[in-house]
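Dear colleague,

I am handing over the structure below, and the notes after it set out what was found in it. Please read them with the structure open beside you.

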Amino acid sequence: MDRVLSSSAMISVHFAASGEEAARLDLEECQEVEVLGNTVRALKRVLAKKLGVPRFRQHLFCQERGELNDKVSLSPPEELQLVILSFWPSEEKADQKFIAACRENRAEELEAMLRRPQDPTTRDEDGRPALHIAAEEGHVQCMSLLLEALAGATEEVKGTSPSHLAASNGHLEVLRLLLENGADKDKTNPNGLTLIRLAALNGHLEVVRLLLDLGAEKDKASKAGATPLHLAALNGHAEVVRLLLQVHAEKDKPTLAGATPLHLAALNGHLEAVRTLLEAQCHTDARTSGGKTPLHGAALNGHTEIVRLLLEAGAEDLPAEDGLTALELAQKNGHWDVAQMLAERH
């Protein structure tokens with residue numbers, strides 16, 4: 001049968017130096033300590049929320065038992081004393097070791113250094129905080145420890161945040177942790193790319209799915225007018241294209257140069273992305289600012305199967321503003337299979 005704490009089963013904590021009360025845990029908070037394991041470590045986690053001081057900097061003492069190890073079990077009521085340690089002064093070797101632990105996912109070593117206590121915002125020789133390094137490498141345990149130590153989830157280096165690094169590299173769980181700790185789901189980097197655009201550009205399907213589930217702006221465009229769908233199409237990430245179309249992303253939205261996602265997929269030879277866009281009934285004859293259609297792009301680069309798909313979908317070989325048709329582009333660039341296919345349609 002589970003033990004039930006009585007209303008008198010309190011935990012009081014006083015500052016060791018001054019004797020002033022630091023915290024008095026009520027019944028609900030004592031129950032939270034019990035749920036977390038009823039250990040000194042569990043108490044420190046609850047105190048971290050009350051005092052704004054991470055557990056790594058807390059040292060708890062009992063008059064009868066001296067300093068309490070994190071694994072010691074508690075039996076409320078308890079009267080404890082608290083010492084809060086300042087960060088250890090920066091030392092080059094210690095800082096390098098700390099950064100290496102984050103880069104190489106040595107979580108136990110990182111925990112020991114945080115208990116030193118090492119400043120969680122320690123930076124590498126290039127000025128990047130430890131959190132950026134853990135985010136870029138995708139190390140969930142190290143990321144969790146750094147966030148618990150109150151490293152800033154939103155801290156930027158030259159406009160790039162840890163969440164940009166996690167999204168760009170497809171580190172789903174790291175990104176989830178950052179978003180749970182205050183990262184902005186629609187934050188742009190210096191190139192005007194949001195998290196979802198970075199994930200779409202690099203084909204990280206589950207990251208895109210997470211961001212969509214959290215309400216990220218699916219049609220927000222970059223300075224050049226590129227949406228997540230444009231970027232997924234540009235690099236041929238057909239599954240990401242399909243997911244964005246399923247949530248009704250604007251399928252024919254043009255960039256500033258007038259290119260639709262279909263233009264980009266066709267130009268770059270991404271057959272499955274083109275097929276997916278055509279299945280969604282994207283406009284086959286949309287024109288860029290120069291009057292070129294997706295057929296022009298596919299013919300220019302000799303993408304025979306894409307030309308075939310576009311023609312089967314009803315695309316017309318219309319002249320661009322320079323007067324050239326897709327047939328003429330294919331002939332000019334020596335793509336004779338494409339030229340023959342187009343000539344048969346004239």
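Leu150 lies in the loop between α6 (140-148) and α7 (162-168), where helices (H or I, at least four residues) and strands (E, at least two) are DSSP runs, numbered from the N terminus. Phi of Leu150 is near 75°, a positive value in a residue that is not glycine. With a relative accessible area of 51%, Leu150 is exposed; here buried means under 20% relative accessible area, exposed over 50%, and partly exposed in between, with a 1.4 Å probe and protein chains only.

Before going further, please note that this is a predicted model, in which local features need pLDDT of at least 70 and side-chain atom pairs count only at pLDDT 80 or more, while totals for chains, interfaces and linings use all residues. Residues are numbered from 1 along each chain as its sequence is written, and side-chain values use heavy atoms, with hydrogens and water left out.

Asn38 also has a positive phi, of about 55°, although it is not a glycine. Asn38 sits in the loop between α1 and α2, and at 14% relative accessibility it counts as buried. As background, most residues other than glycine have a negative phi, and most peptide bonds are trans.

One joins Pro76 and Pro77, with omega about 5°, and Pro77 lies in the loop between β4 and β5. The peptide bond from Arg116 to Pro117 is cis as well, with omega near 0°, and the place of Pro117 is in the loop between α4 (107-114) and α5 (130-137).

Turning to the chain as a whole, the protein chain has 18 helices and five strands. Its radius of gyration is 29 Å, well over the 20 Å that the globule rule gives for 346 residues, so the chain is more spread out than a compact globule; the radius is taken over C-alpha atoms, and the rule is 2.2 Å times the number of residues to the power 0.38. Taken along the principal axes, the C-alpha atoms fill a box of roughly 95 × 50 × 25 Å. Of the 346 residues, 47% count as buried. The protein chain exposes about 16500 Å², of which carbon and sulfur atoms supply 48%, the areas coming from the Shrake-Rupley method with a 1.4 Å probe, and for residues only the protein chains shown count as cover. Among the contacts in the chain with a separation of 6 or more, residues 24 or more positions apart account for 64%, a contact meaning heavy atoms within 4.5 Å.

By contrast, β3 (residues 58-62) and β5 (residues 78-84) pair in the antiparallel sense over four bridges. His59 stands opposite Val83 in β5, and Leu60 has Leu82 of β5 as its bridge partner.

Leu60, found in strand β3, is buried, with a relative accessible area of 0%. Not counting residues up to four places away in sequence, the residues that Leu60 touches include Val13, Val40, Leu43, Leu47 and Leu82. The C-alpha atoms of Leu60 and Val13, which are 47 residues apart along the chain, are separated by 8.5 Å.

Finally, in helix α3 the buried residues are Ala94, Asp95, Phe98, Ile99, Ala100, Ala101 and Cys102, and what covers them includes α4, α5 and α6. Following α3 comes Asn105, whose phi is positive, near 60°.

Note on methods
Pairing = 2+ DSSP bridges.
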